[in-house]
Amino acid sequence: MRKLSDIIIEEGTEDLVIDKTRTTIRAIICKNDKLLMVYSPTFKDYTFPGGGMKKDEDHITALKREVKEEIGASEVFNIKPYGYIEEKRYGISNRPTVYLQTSYYYVVEVSNFGEQDLADREKEHGVEPVWVSIDEAIHINQLSISKLNQKRGMKTVLPREIKVLESLKKIRGQYMRKFEVVTTFKDKSINLPKRATKYSAGYDIESADAYVIKPGTIQLIDTGLKVDMLENEALMIYPRSSLGIKKGLIMSNAVGIIDKDYYNNPNNEGHIMIPLFNFGQQDAIIQKGERVAQGVFQKYLITSDDESSNERTGGFGSSGQ
């Protein structure tokens, strides 16, 4: 299991001898853009569910027990190791014991929620499971560190959890790629693009409305969609082959390029629109929900002397202004 950060050392223990070792096991539970964490109204902080491993337990046994006790989930599955962090800290008693604590984190899925089985100290702190975003958990924990005088033996807890949260945020950022519905189309039953098969390269994009395109004219087709992606990526928009064969339509710009900074621009929120040209002799009809294009995510390269630092200030077609 990989090491997530350098050892976290509680102030005052730097030159002290380690008296005991302790192992804790903690769960990372993700759903969409949220984490299921344990919130304490007393300390106003978020921690990952988990705790100390008992002598007769292995990691997985301890993980399942702690998850059931703290958040009430009796089913823990798809368990994957994530990483560990070491802490040199005092014990929470008044004795000057110094611990080397190693906290192991596992990414898991959970189900079958029931009642928590909290220890007296946890009941006193009123801990409860809460779905929270990574950024919010980091923000609240940083506030807690700055505003509360953390007790001896607890001062490494939130720095440790923030390290894990920041690690998750970094990984999430490396893999964040998603379609969303723009605000003005939230109530118009827009379907997010999907790939037709396991090995399809393109995400099928539907028309958000019905259109009649006259011969020799261009019509901008609303999709009701925007897209977020990684740096050095673009979404290439290609026409579906059936448009030209069956309806006499082509994309007037041949291929559309959606840049990363088009997402959430101030003019149109990054709304993807597809310009279709009718080269036929008859009206071409597009139905709402009809697949009109496909989007393919692609990496792009830049030159070694590239110095572009301009910021996008507008919407459709603004990068050339």
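Modeller: The side chain of Thr223 reaches the backbone oxygen of Ile272 at 2.6 Å. The model is predicted, so to speak of local features we need pLDDT of at least 70, and side-chain atom pairs count only at pLDDT 80 or more, while totals for chains, interfaces and linings use all residues. Residues are numbered from 1 along each chain as its sequence is written, and side-chain values use heavy atoms, leaving out hydrogens and water.

That side chain of Thr223 also reaches the backbone nitrogen of Leu225, at 3.2 Å. Thr223 sits in the loop between strand S12 (218-222) and strand S13 (225-228); strands are DSSP runs of E, at least two residues, numbered from the N terminus. Thr223 counts as buried because its relative accessibility is 1% (buried means under 20% relative accessible area, with a 1.4 Å probe and protein chains only). Beyond its neighbours within four places in sequence, Thr223 is in contact (heavy atoms within 4.5 Å) with Ile190, Ile205, Glu206, Ala208, His271, Ile272 and Ile274.

Glu10 is buried, at 2% relative accessible area. A polar atom of the Glu10 side chain lies 3.1 Å from the backbone nitrogen of Tyr90, and the backbone nitrogen of Gly153 is likewise 3.1 Å from a polar atom of that side chain. Not counting residues up to four places away in sequence, Glu10 touches Lys88, Arg89, Tyr90, Arg152, Gly153, Lys155 and Thr156. Its C-alpha is separated by 7.7 Å from that of Glu87, 77 residues apart along the chain.

Conventions: Helix = DSSP H or I, 4+ residues; strand = E, 2+ residues; numbered from the N terminus. Buried < 20%, exposed > 50% of the residue type's maximum accessible area, 1.4 Å probe, protein only. Polar contact = N/O pair within 3.5 Å; in protein donor to acceptor, adjacent residues only side chain to side chain.
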